[in-house]
Amino acid sequence: MATAHSGTLVQRHRGGAAAAAASSQSADNDAAPTEEDSYDDKEAKLTLLEEILLLGLKDQEGYTSFWNDCISSGLRGCIMVELSLRKRVELEKTGQRRKSVLSRKVICKSSSPTGDALMDESLKHLKETQPTDTVGNWIELFCGETWNPYNLRYQLHNVRERLAKNLVEKGVLTTSKQNFWLFDMTTHPLVDQTIKQRVVKKVQDSLLSRWQNDPHRMDRRQLALIFLAHASDVLENAFAPLSDEDYEVATRRVRELLDLDPEVEALKPNAHEMTWAVAAAFTK
């Protein structure tokens, strides 16, 4: 299964640095648009992967924290949810003997290209692999976590760099180089603060002004973004600009979501099963 991530939230550092705030809404042809989806045509529309990368990115330095060992698996979880939201994959049916979401296989529903090279590469693996596998195992395979050398062909390489290049093409990031004593590293500093602010504010609003006590009434992308931001250890970055009072409310509501049983929630009407399967993979 996917690398487990702690169900507890990182404690806030009082008086810590404030980060930029405000929001962005990713759009998708297969998802019903919401008020926050209504960008101007010229504005970037981001995938879940790009939103998670932006939340984890140091604005000026142009790279993610060297101490974050969760974002790699979190981004692979984003791929599974994004492909499901775009109606390319789904979980196998439960049948008479109801299987847990973690034991149900991922089924390729449509192989039509998404227009995103990283997701299309993942979709190709999912389509061509028989028998298929579970969500947790696919996340591990995409990360390259396997003892079987044959399975290394499923590993997705340079995911963060490829996502950063996508964001460069969308005008959100730029490309630079930074010297780290013994070597030079390509970095991607932020150039469009507004786009990142929208992502940050979308996370904040979904837990504050737009909070729904029932997660199944929440926008599916927003719910997935919260789970995936926590799994990727970047959720705290979205909370940094909040007042102490709003911070306490937001973290309490995240804990409420994390305390839910994905197996129970996945069976409810209107549940997006893939989101709950990915949540279960990271909180098991």
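**Figure 1. Residue classes around the second largest cavity of the predicted model.** The lining of the second largest cavity divides into eight nonpolar residues, one polar residue and no charged residue. In this predicted model, the residues that line the second largest cavity are Phe227, Leu257, Leu258, Leu260, Pro262, Trp276, Ala279, Ala280 and Thr283.

**Figure 2. Helices at the second largest cavity.** Two or more residues of the lining of the second largest cavity are given by each of α9 (244-259) and α11 (273-283). The largest share, four residues, comes from α11.

**Figure 3. Cavity count and volume.** Two cavities of 30 Å³ or more are counted in the protein. For the second largest cavity, the volume is about 30 Å³. Rolling a probe the size of a water molecule over the atoms shows where empty space is left.

**Figure 4. The protein around the views.** The secondary structure comprises 11 helices and four strands. Of the 284 residues in the protein, 50% are buried, where buried means under 20% relative accessible area. Among contacts with a separation of 6 or more, 71% are accounted for by residues 24 or more positions apart.

Definitions and conventions. Residues numbered from 1 in each chain as written. Predicted model: local features only at pLDDT ≥ 70, side-chain atom pairs only at ≥ 80, totals over all residues. Heavy atoms only, no water. 1 Å grid on protein atoms, 1.4 Å probe; cavity = no way out; pocket = protein on both sides within 12 Å on 5 of 7 lines; lining within 4 Å. Points joined across faces, edges and corners; volume = space filled by probe spheres on them. Nonpolar A, V, L, I, M, F, W, Y, C, P; charged D, E, K, R; others polar. Buried < 20%, exposed > 50% of the residue type's maximum accessible area, 1.4 Å probe, protein only. Contact = heavy atoms within 4.5 Å.
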